[in-house]
Amino acid sequence: MRRRLLLAPVTLLTVLVLGLAIGLSPSSHAANVQPAPVTGTVQMQAELPEGGLPVAPAFVLLRRINLDPGGSMPPHSHPGLAMYRVESGTLAVTVSGKAVLSRATTDTATPTAGSDAPLDKEFRMRRGDTLVTWAQTPKTYRNPGDRPTKVLAAFLLPAGHQHPPTISYLNGSSSRDIKGVTPEFLGDAVAPSLPTGPSVVTVDRLKLEAAEPIPAFPGPDMMSVVSGTFDFTTVSGEMQVSRSADQSVVANPAAGTSFSLAKGDAAFFPNGIGDTTRPEQDGVLQLLRLIVAGTGESATPVAATEPSVIQIAAPPASASPAATALSTEPAATEAANPTEATTTEPTAEKATATPTQQAGKFKEGDVVSVTDDGVNLRSAPSTDADVVTSLTAGQQLTITGPSEQGGDYTWWPVKLVDDESVTGYVAEDFIQLVQQ
């Protein structure tokens with residue numbers, strides 16, 4: 001049976017129907033709400049005029065879309081905002097309505113200011129390019145290459161009473177026409193209120209070092225785990241926790257409920273979150289974060305409710321995070337994976353690392369993964385060599401030969417698994433063997 005990519009998440013709507021202490025009315029007092037400083041690396045961003053956001057409540061969905069070579073989505077549209085960023089491979093797209101295309105100037109650069117996408121004419125998107133489509137914009141896309149394509153995607157869609165379908169197939173097509181497209185669940189939630197007036201929706205990538213706090217944000221804030229430890233106990237405020245493994249959602253758990261989030265799990269704070277300290281032993285935590293903020297003097301705040309408060313602490317081994325879970329149907333959407341990491345040049349090859357000097361650690365043909373963001377793939381085994389590209393945590397490489405010594409590092413010749421035309425050398429300190 002083919003899996004529908006945007007099946008309406010019925011249980012999230014049920015959360016609203018059951019009235020889980022979520023206030024649906026925006027604050028009655030006006031304010032000039034400006035977005036908090038973005039602390040992460042921007043992956044994609046949409047600046048919207050008044051009316052650009054759906055009327056709350058709204059589904060907030062974060063996905064990864066994986067397309068096999070030749071994979072394709074038939075003509076379709078969504079009733080709200082849709083944002084896409086190509087993480088690897090090539091995407092051939094055709095749109096027939098309002099859409100903004102932004103090109104990356106380099107493989108890892110934040111996309112440039114966008115312009116209207118070509119209308120009714122197929123165009124190609126490559127790594128780092130982003131596309132924002134407005135409500136009801138018809139679109140179709142496919143993978144024209146011979147390697148897989150990965151796309152990060154975010155959606156804000158109406159979720160109110162008698163809400164429209166989250167996806168509508170066009171020109172006589174249906175879900176049966178989907179070919180070689182697989183979504184990954186990275187976060188599901190319902191925003192009970194959204195800013196009014198002009199707004200900005202941002203998806204960024206946070207890399208928090210050991211003991212670095214989770215940054216505060218005053219509006220709707222979804223954080224999806226990319227890597228690291230995100231264990232916390234609820235203290236106060238409203239929140240929703242979604243899980244990738246079983247596509248379940250816990251809405252507004254009682255104070256004192258403990259969670260241990262794994263890769264692909266997400267926490268959503270509809271009224272924002274305060275600064276949250278993290279202990280040193282938690283190590284590096286990487287998150288994809290989707291935030292929504294009003295801009296301009298005509299904007300109003302999302303609510304007169306205090307931001308959520310959580311305490312970072314590992315839950316007891318016997319804790320059952322899903323004890324109050326609401327089962328969800330296979331979740332809404334169109335999906336995506338971690339993205340290009342940084343817009344700045346990383347320092348050397350991570351200057352704080354200690355070289356391992358283990359020349360026989362890998363062998364030709366081994367598949368390894370990158371252990372950190374911002375790791376340089378260089379043209380030769382030296383920190384003085386040109387940077388071919390900047391690698392991201394979890395990105396996979398194939399060892400193509402024996403290691404070489406260069407300066408203080410052991411270097412391995414590699415090629416990208418998802419694009420074998422990209423080759424170079426990577427320092428051994430920042431790769432690990434992928435268990436087959």
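A residue is termed buried when its relative accessible area is under 20%, exposed when over 50%, and partly exposed in between, with a 1.4 Å probe and protein chains only. The structure is a predicted model, in which local features need pLDDT of at least 70 and side-chain atom pairs count only at pLDDT 80 or more, whereas totals for chains, interfaces and linings use all residues. Residues are numbered from 1 along each chain as its sequence is written, and side-chain values use heavy atoms, with hydrogens and water left out.

The protein chain contains one helix and 30 strands; these are DSSP runs of H or I with at least four residues for helices and of E with at least two for strands, numbered from the N terminus. Of its 436 residues, 56% are buried. Among contacts (heavy atoms within 4.5 Å) with a separation of 6 or more, 84% are made by residues 24 or more positions apart.

Nonpolar cores are sets of buried Ala, Val, Leu, Ile, Met, Phe, Trp, Tyr and Cys residues joined through side-chain atoms within 4.5 Å. The largest such core comprises 28 residues, and Leu62, Leu81, Met83, Leu156, Val201, Met222 and Leu290 have the most contacts inside it. Beyond four places away in sequence, the residues touched by Met222 include Val60, Leu62, Ala266, Phe268, Leu288 and Leu290. A second, separate core has 27 residues, among them Phe123, Phe155, Ala159 and Val190.

Strand β24 (residues 375-378) directs Val375 and Leu377 one way and Asn376 and Arg378 the other way, all of them buried. Strands pair if DSSP finds at least two bridges between them; β24 is joined by four bridges to the antiparallel strand β25 (residues 387-391). Within β25, Leu391 is the bridge partner of Val375.

Six aromatic pairs are found in a search of the whole structure. Rings of Phe, Tyr and Trp (its six-membered ring) pair if their centres lie within 6.5 Å, and planes under 30 degrees apart count as stacked, over 60 as edge-to-face and the rest as tilted. Phe232 and Phe259 form a tilted pair, at 5.5 Å centre to centre and 35° between the planes. Because Phe232 belongs to strand β15 (residues 230-236) and Phe259 to strand β18 (residues 258-261), the pair ties together parts that are 27 residues apart in sequence. Phe232 is buried, at a relative accessible area of 0%, and Phe259 is buried at 0% relative accessibility. Tyr84, Tyr141 and Phe155 are linked into a cluster by ring pairs.
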